[in-house]
Amino acid sequence: CYERQSVENQRSFSCACLRYAPAFIAFCALLGAASAATSHYALLYSGKLQKQGNIHAAKTYAELAQKSGPWNVGPKLMDEALAFQAGADAKTIYQNLLGLSKSFPEHLEPLQRAIWLAKQDNKGFMLATDELIELYVNLALRDPKNALLWLDAGRVAFRLKNQDKAKLLFH
């Protein structure tokens, strides 16, 4: 009698799972879509506040965008840009951008921003010659069919008097 009741319970549980599975999947999809939309609009509003010069409020919305869309690189890049505008240490931001480039290897923008930051006059923050060339090479490796990136890497090596590396990159 106990075995029979157990089999009936398993059947009813299986039927319930099958009955409610589509609703559960739809609910999860709705949560995902709501989270993505929240991240998107928080990032847009953060950008508007940044343009208005309200960095503190823009940072709050960038953090909301990060929390609601942790799989997106955009909110993280916005947060670093706002930190730079607020006067944060350039070396720390540079290290954060390198971390983002490792976390999001399919995106060029973290490395592009790290290169831009390294080229600015940032209160004594300077990169070693080889490190700057490596940034350009890593950027070119992420998009190997983009000949302009390889050309840029070669130009930087040439300007920094690294002739051997420049020759290699130009070929």
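Helices (H or I, at least four residues) are DSSP runs, numbered from the N terminus. The model is a predicted one, in which local features need pLDDT of at least 70 and side-chain atom pairs count only at pLDDT 80 or more, while totals for chains, interfaces and linings use all residues. Residues are numbered from 1 along each chain as its sequence is written, and side-chain values use heavy atoms, with hydrogens and water left out.

**Nonpolar cores**
- A nonpolar core is a set of buried Ala, Val, Leu, Ile, Met, Phe, Trp, Tyr and Cys residues joined through side-chain atoms within 4.5 Å; buried means under 20% relative accessible area, exposed over 50%, and partly exposed in between (1.4 Å probe, protein chains only).
- The largest nonpolar core has 28 residues, of which Leu97 and Leu135 touch the most other members.
- At least two residues of this core come from each of α3 (74-85), α4 (90-103), α5 (109-119), α6 (129-142), α7 (147-159) and α8 (163-170).
- Helix α6 gives the most to this core, seven residues.
- Another core, of seven residues, lies apart from it and includes Leu49, Ile55, Ala58 and Ala62.

**Ile115**
- Ile115 is part of helix α5 and counts as buried because its relative accessibility is 5%.
- Leaving aside residues up to four places away in sequence, Ile115 is in contact (heavy atoms within 4.5 Å) with Leu135, Tyr136 and Leu139.
- Ile115 and Tyr136 are 21 residues apart along the chain, and their C-alpha atoms are separated by 7.6 Å.

**Tyr45**
- Tyr45 belongs to helix α1 (residues 2-52).
- Tyr45 is partly exposed because its relative accessible area is 39%.
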